[in-house]
Amino acid sequence: MFLLEAKHLNTSGGGQDKQISELIEILSLKETNKNISYIAFLDGNYSNILLGNEGHGEKLETQRKEIKKYLDDNSQSYWVNTAGFIALLSNF
C-alpha cells in the first residue's frame, strides 16, 4: 500500500517552505507494517532545484539533508519528482 502526498511548486519562499516541511514530515513516518510505503511527490521547477546538486542557500541544504536522513532511515519511503514517480510505479 502506498500513502502519497503530492505538491506542485515552481518557486521557493515562506508558503513553499511549509509545503516542503509537510513532505519531509511524511518521510519521517514509520510503520511496523512493512507493506506500507510513504511517497513524497514534488512536481514543478522547485523540485528540480531541490533534487539537484547546486547550492542555493542554507535552507535548501538543510531540506536536502533532512530528506536524505529520513530516506536512509526509512527504506520504504520515497521522494520523487514526476519522472521518479513514473519509474517507481512502473516497478510495481
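The accessible surface of the protein comes to about 5,700 Å², and carbon and sulfur atoms hold 51% of that; the areas come from the Shrake-Rupley method with a 1.4 Å probe, and for residues only the protein chains shown count as cover. Keep in mind that this is a predicted model, where local features need pLDDT of at least 70, side-chain atom pairs count only at pLDDT 80 or more, and totals for chains, interfaces and linings use all residues. Residues are numbered from 1 along each chain as its sequence is written, and side-chain values use heavy atoms, with hydrogens and water left out.

Let's start with the overall fold. The protein has 4 helices and 3 strands, arranged from the N terminus as β-α-β-α-α-β-α. Here helices (H or I, at least four residues) and strands (E, at least two) are DSSP runs, numbered from the N terminus. The C-alpha trace spans about 35 × 25 × 25 Å along its principal axes. Among contacts (heavy atoms within 4.5 Å) between residues at least 6 apart in sequence, 67% join residues at least 24 apart.

Of the 92 residues, 32% count as buried. Buried means under 20% relative accessible area, exposed over 50%, and partly exposed in between (1.4 Å probe, protein chains only).

| Residue | Relative accessible area | Class |
|---|---|---|
| S47 | 1% | buried |
| A6 | 45% | partly exposed |
| F92 | 60% | exposed |

S47 sits in helix α2 (residues 45-51). Its side chain reaches the backbone oxygen of L42 at 2.8 Å, a polar contact being a pair of N or O atoms within 3.5 Å; within protein, one must be able to donate a hydrogen and the other to accept it, and residues adjacent in sequence count only if both atoms are side-chain atoms. Leaving aside residues up to four places away in sequence, S47 touches L9, L42 and N81.

A6 belongs to strand β1 (residues 2-8). A6 and I49 are separated by 43 residues in sequence and by 17 Å in space, C-alpha to C-alpha.

F92 lies in the segment after α4 (82-90). Together with F2 and L89, F92 forms a nonpolar surface patch with about 300 Å² of accessible area. Patches are made of residues with over 30% relative accessible area and no salt bridge, where like charges are joined within 9 Å and nonpolar side chains (Val, Leu, Ile, Met, Phe, Trp, Tyr) within 5 Å; a salt bridge is a side-chain nitrogen of Lys or Arg within 4 Å of a carboxyl oxygen of Asp or Glu.
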